[in-house]
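This briefing goes through a structure topic by topic. Look over the sequence and the model before reading the points.

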Amino acid sequence: MKETFQKLLNTYGATGREEKVADVIEEMIRPYVDEIHRDAMGNLIAVRHGQGKRILYAAHMDHIGFIVTDIDEKGFLRVHNVGGVRKLNSLNRHVVFENGVNGVFSSEADPDNSHLQDLSTAFIDIGAKDRADAEARVRIGDVAVYAPDFFELGSDMLAGPAMDNRAGCCVLIETLKALKQRTNEIIAVFTVQEEVGCRGAMAAAYAMNPDLGVALDVTLCGDTPGGPKIAVKAGEGPCVKIMDSSLVCSPKVVRLMEDAAQRAGVKAQREVLTAGGTDASRIQLTRGGVHAGVLSIACRYVHSACEAVSLSDMEGGVKLLTALSERNVD
Amino acid sequence: MVLKELCALRGVSGNEHEVRDFLLEKVRKTADEVRVDRMGNVLALKKADRADAPTILLDAHMDEVGMIVVGVNDNGLLSYDTVGGIDSRVVVSKHVCVGEKAVPGVIGAKAIHLQTAAERETVLGHSDLYIDIGAKDKAQAEELVQPGDYVSFDSDYVEFGDGYVKARALDDRVGCMTLLRILENRYDVNVVCAFTCQEEIGLNGALAARFGVECDAAVVMEGTSANDLGCVEDHQKVCSLKKGVAVSFMDNSALHDRQLFARMLEIGREAGIPCQVKNRVAGGNDAGPIRSSREAVATVVLSVPCRNIHSPSSVAAFEDMDAQYALTDAFLRQAANCPTHRS
C-alpha cells in the first residue's frame, strides 16, 4: 500500500486539473475491474460486476491549489484559490504546475499583517524574466499546487501535501485489489472537483445510479495541542462518519460499516464533525435519494502542505471496505 | 434594434413573462421546435442540417435583478427586499416601477443636510430604505400595490459615446440577443437555445433546463462585471470594455472544460474575433448547474463586459456584443467534431 500511496502523492492533480492523477489510478486499477471510463468532467469511473446491490465508492482525486488569473509585465502570476487553500499556510512555499514548472507562492509586503487572508495581494514567482518568458511556460487558467514533499512522521505516519485526498484514493485502489467475492456491483469513482463543492460526485452519482454510496475522504483530527474539537485520533483506526455539516449519514450505512469493521477485526472510530463536507453529501441527494455514508481517515493539519495521516488507519480502512463490499447489504 | 426592445422589458427573477412572451414570438419564427418548461424556461431547438449530429446547448438568462415589496407601511411607504444581488449604494434616489401596472416610485433617503456626521459615513442598507409611490397612507398605497409585487429599475436605454449603450438588465439581455441572432442560422450541429429564468437568485432555471435537454457541450452567454474604471490594477479588472468577448476558465459556480476554453481562444485568434480572458474569478452563472447536474457536460462561458452591472445604468460596448455573437457562430460552424461524452 505504501508504494501505491507514494506514487499518488508524487502525481500532480489539482482541482479541475485531475487528468494526470486519473491516468496513474487507471493504470493501477485496470486489472481489477471490468469496465472503466471517464465522463465529461474527468471523473474516473470503474465497475467491478457483482450480483447484489450497486455500491458506489467515491474518493476525490483533486488537490486544492491556486489558479492563475493574470500575468504581469514582469512575469509574476496573480492567482485565485481553487478550494479552501489558505494564504497563511502557503506563504513562501514551493508550488508546482501540471507541466512541472516550479514556483514560489508569496505576497506583496504586509508589515502589519493586514492582508493575511487576502489573495489579491498574493502572487507566484516562477523566476520569469518578463511576461513573454512567463507566458511561454504558464498560461492563465493553469493551476499550481503545493509541490510533492512527503516524509515519514514517526513509525506509522506520513506527512506532506495532498493527503487530502490521495489517502482516500489509496484506500479505494487497495480495496479493489483485495476484493475476491462478487457479492455486489462495485462502482469505484475517483471524483473531480470535490474541493469546490463536490461537483464531480454529483454528476457521477447521477450517471451511475447507485443503491448505496460511501465517500472516502480525510477528516479533522482532535489529538493535537489545542487542535480541532473532535473525538478522532490518528492511529486509532478508520472513522465511520455519523455526520458533518454537509450530511447526516444514513443509519443503515453506519450500521453496515460498523458491522463490517467488526467482522474484519478492525478497530474503527465514530466521527462527528461539525464542519466540512464530502462527496457523500451530493451522492445522498442524487435522483430519489441514496443511502450514503463516509469512511474517513483522520488527518492532522488539513489543507496545509503538511497534512499527516496514519498508514495503519488506511490499512484498517481497506479491510473495512473490503468486508463491506463482500456482504449482503439489503 | 432588438437590444433596445429587450432592455425595455421588465423581468425580475421569477417574473420573466414579459421577456418570455417577447422571445417566444421571435423564436417561433426561427426555431424548429419551441417549448416552455414548467420552470418557465424557453427552450428553442434549431435542428442540424444532417442526422446524428451532436447537440450544443446555448444558455442565456432572461431575468434581471430587482426588488420585491415585502410590506406597506402606515405612512404609505413600501418596504422592499432585493431579488438578486444589488448594492444598496446604487438604489438611493432611483426611479422604480412597482407591480404589473408599473406604478412609479422613488427610493428615498434622508437628504444630506439632515444627516449627522456619523450617518454620512454609514451606508444605508435596503432595510433602511423605502419606496415612495406618492401615497398619503397605507390604504391609498394598497389600492395600487401589495406585498409580493415585483419592483424593477426604470432607466432609459441610451446609446452614447463611441459605440456604448447604457441600460438596465444588459445582464443578460445581451446574451438573449446573441441567442436570437444564432437562431437565424442553421449549423451542422443541433442547437438548443435555453432562455432561462431565475438565474440571479440561484441559477434555478438552468438546473431544470439541463434535465430537459440532452446535450454534448454547453456554452453560456453572459453579461459580466467589468472593473475597468478608475485606478484598478490590471489583475483586478476582471475584463474591460472594447477588448472583445470575455472567455472564462473558472467562475464561482464551475471550473470549465479546458479544451472548450482553449478552443474558444483559438477560434477567436484564427478568425480575428476580439476576445479576452476573464482574469478574475468572480460571480457564478448558469454553467454551474449545467456542468455537474444530471451527467457531466463540458461548459464554457462567453461574456459581454458590463460596467456598473446590477444597477439601473449598466454600460456595455456594441462591438463586444458582436464579438460574443461572432465567436459563438464560429464555434458552432466547427462544433460537429465536438468530443461527445454522452453515454
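Two residues are in contact if their C-beta atoms, placed from the backbone, lie within 7 Å. Angles run from 0 to 180 degrees between N-to-C directions. The model discussed here is predicted.

**The sheet of chain B**

- In chain B, 8 strands make up an open sheet with mixed pairing.
- The order of the strands is β1-β2-β12-β3-β13-β16-β14-β15 (chain B).
- Two edge strands, β1 (33–36) and β15 (275–277) of chain B, each pair on one side only.
- On average, neighbouring strands of this sheet are turned by 25 degrees against each other, direction ignored.
- One of the pairs joins strand β2 (residues 42–46) of chain B to strand β12 (residues 190–196) of chain B, in the antiparallel sense and over 5 bridges.
- Opposite B:Leu45 stands B:Val192, a residue of β12(B).

**Helices lying across strands of chain B**

- Helix α2 (residues 17–30) of chain B lies across β1, β2 and β12 of chain B. The angle at which helix α2 of chain B runs to β2(B) is about 15 degrees.
- Helix α9 (residues 318–333) of chain B lies across β3 (55–61), β12, β13 (217–225), β14 (245–248), β15 and β16 (298–306) of chain B. To β16(B), helix α9 of chain B runs at about 160 degrees.

**A helix pair in chain A**

- Two packed helices are described by the angle between their axes and the distance between the axes.
- For helix α2 (residues 19–29) of chain A and helix α5 (residues 163–178) of chain A, the axes come within 10 Å and cross at roughly 20 degrees.
- Angles under 35 degrees count as roughly parallel, and α2(A) and α5(A) are therefore roughly parallel to each other.
- The crossing of α2(A) and α5(A) is right-handed.
- On the side of α2(A), the contact is made by A:Ile25, A:Met28 and A:Ile29, and on the side of α5(A) by A:Cys169, A:Ile173 and A:Leu176.
- By type, the residues of this contact between α2(A) and α5(A) are 6 nonpolar, no polar and no charged.

**Where chain A meets chain B**

- The contact takes 22 residues from chain A and 21 residues from chain B.
- On the side of chain A that touches chain B, β4 (65–71), β5 (77–82) and α6 (199–208) of chain A each supply at least two residues.
- The most comes from α6(A), which gives 5 residues to that side of chain A.
- The residues of the side of chain A that touches chain B comprise 9 nonpolar, 8 polar and 5 charged.

Note on methods
Residues numbered from 1 in each chain as written. Chains lettered and ligands numbered in written order. Predicted model: local features only at pLDDT ≥ 70, side-chain atom pairs only at ≥ 80, totals over all residues. Helix = DSSP H or I, 4+ residues; strand = E, 2+ residues; numbered from the N terminus. Nonpolar A, V, L, I, M, F, W, Y, C, P; charged D, E, K, R; others polar. Pairing = 2+ DSSP bridges. Parallel < 35°, antiparallel > 145°, perpendicular 65-115°, else oblique. Left-handed = near helix turned anticlockwise from the far one by under 90°.
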